Amino acid sequence: MKADRAYTGDMEVDRLLFRWGRVVADAQGWARGFALSIQRARKKPGWTPTAKQLAVMRRMVAELPMTANGEDAEPIERD
């Protein structure tokens, strides 16, 4: 996917979408279905989330595990 199609131009939505892959990976049940629907919808030209979608997206990103310095925790896989 090209960078110009990956983001909306809205700073808050773009920040949420930047971390969305992690949301999809961590989500289960209804939340996973929602996350995947946003992942598909964001590929459509001109897409922006509705107010309800944006509220759920904010909550889901806020619930991601954080490291001590405030960044996403990325587990390291070891052999």
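Asp-26 is partly exposed, with 35% relative accessible area (buried is under 20%, exposed over 50%, partly exposed in between; 1.4 Å probe, protein chains only). This is a predicted model: local features need pLDDT of at least 70, side-chain atom pairs count only at pLDDT 80 or more, and totals for chains, interfaces and linings use all residues. Residues are numbered from 1 along each chain as its sequence is written, and side-chain values use heavy atoms, without hydrogens and water.

**Overall layout**

- Read from the N terminus, the order of elements is α-α-α-α-α.
- The chain has 79 residues, and 30% of them are buried.
- Its accessible surface is about 5,800 Å² (Shrake-Rupley method, 1.4 Å probe; for residues, only the protein chains shown count as cover).
- Carbon and sulfur atoms account for 54% of that surface.
- Take the contacts between residues at least 6 apart in sequence: 53% of these join residues at least 24 apart (contact means heavy atoms within 4.5 Å).

**Salt bridges**

- The whole structure holds 3 salt bridges (a side-chain nitrogen of Lys or Arg within 4 Å of a carboxyl oxygen of Asp or Glu).
- One of them joins Arg-58 and Glu-12, at 2.4 Å from N to O.
- Arg-58 sits in helix 5 (residues 51-62) and Glu-12 in helix 2 (residues 11-18), so this pair ties together parts that are 46 residues apart in sequence.
- Arg-58 is partly exposed at 37% relative accessible area, and Glu-12 is partly exposed at 28%.
- Asp-26 forms a salt bridge with Arg-22, at 3.5 Å from N to O.
- Both Asp-26 and Arg-22 belong to helix 3 (residues 20-26). They stand 4 residues apart, about one turn of the helix.
- Glu-63 and Arg-59 make another salt bridge, with their closest N and O atoms 3.5 Å apart.
- Glu-63 is exposed, with a relative accessible area of 55%. Arg-59 is partly exposed at 40%.

**Aromatic pairs**

- There are 2 aromatic pairs in the structure (rings of Phe, Tyr and Trp, the last by its six-membered ring, with centres within 6.5 Å; planes under 30 degrees apart are stacked, over 60 edge-to-face, the rest tilted).
- Trp-20 and Phe-34 form an edge-to-face pair, because their ring centres are 6.4 Å apart and their planes stand at 75 degrees.
- Trp-20 is in helix 3 and Phe-34 in helix 4 (residues 30-41), so the pair ties together parts that are 14 residues apart in sequence.
- Both partners are buried: Trp-20 has a relative accessible area of 0%, and Phe-34 has 10%.
- Trp-30 and Phe-34 form a stacked pair, because their ring centres are 5.4 Å apart and their planes stand at 15 degrees.
- Trp-30 and Phe-34 both lie in helix 4, 4 residues apart, about one turn of the helix.
- Trp-30 is exposed, at 59% relative accessible area, whereas Phe-34 is buried.
- Through these ring pairs, Trp-20, Trp-30 and Phe-34 are linked into a cluster.

**Nonpolar core**

- In soluble globular proteins, nonpolar side chains tend to be buried together.
- The largest nonpolar core here has 18 residues (a core is a set of buried Ala, Val, Leu, Ile, Met, Phe, Trp, Tyr and Cys residues joined through side-chain atoms within 4.5 Å).
- Trp-20, Val-23, Phe-34, Ala-35, Ile-38, Met-57 and Met-60 touch the most other members.
- Helix 2, helix 3, helix 4 and helix 5 each give two or more residues to this core.
- Helix 5 gives the most, with 5 residues.
- Beyond its neighbours within four places in sequence, Val-23 is in contact with Ala-35, Met-60, Val-61 and Leu-64.

**Gly-21 in helix 3**

- Gly-21 has its place in helix 3, the helix that also holds Asp-26 and Arg-22.
- Gly-21 is partly exposed, at 44% relative accessibility.
- Gly-21 and Leu-36 are 15 residues apart along the chain, and 9.3 Å separates their C-alpha atoms.
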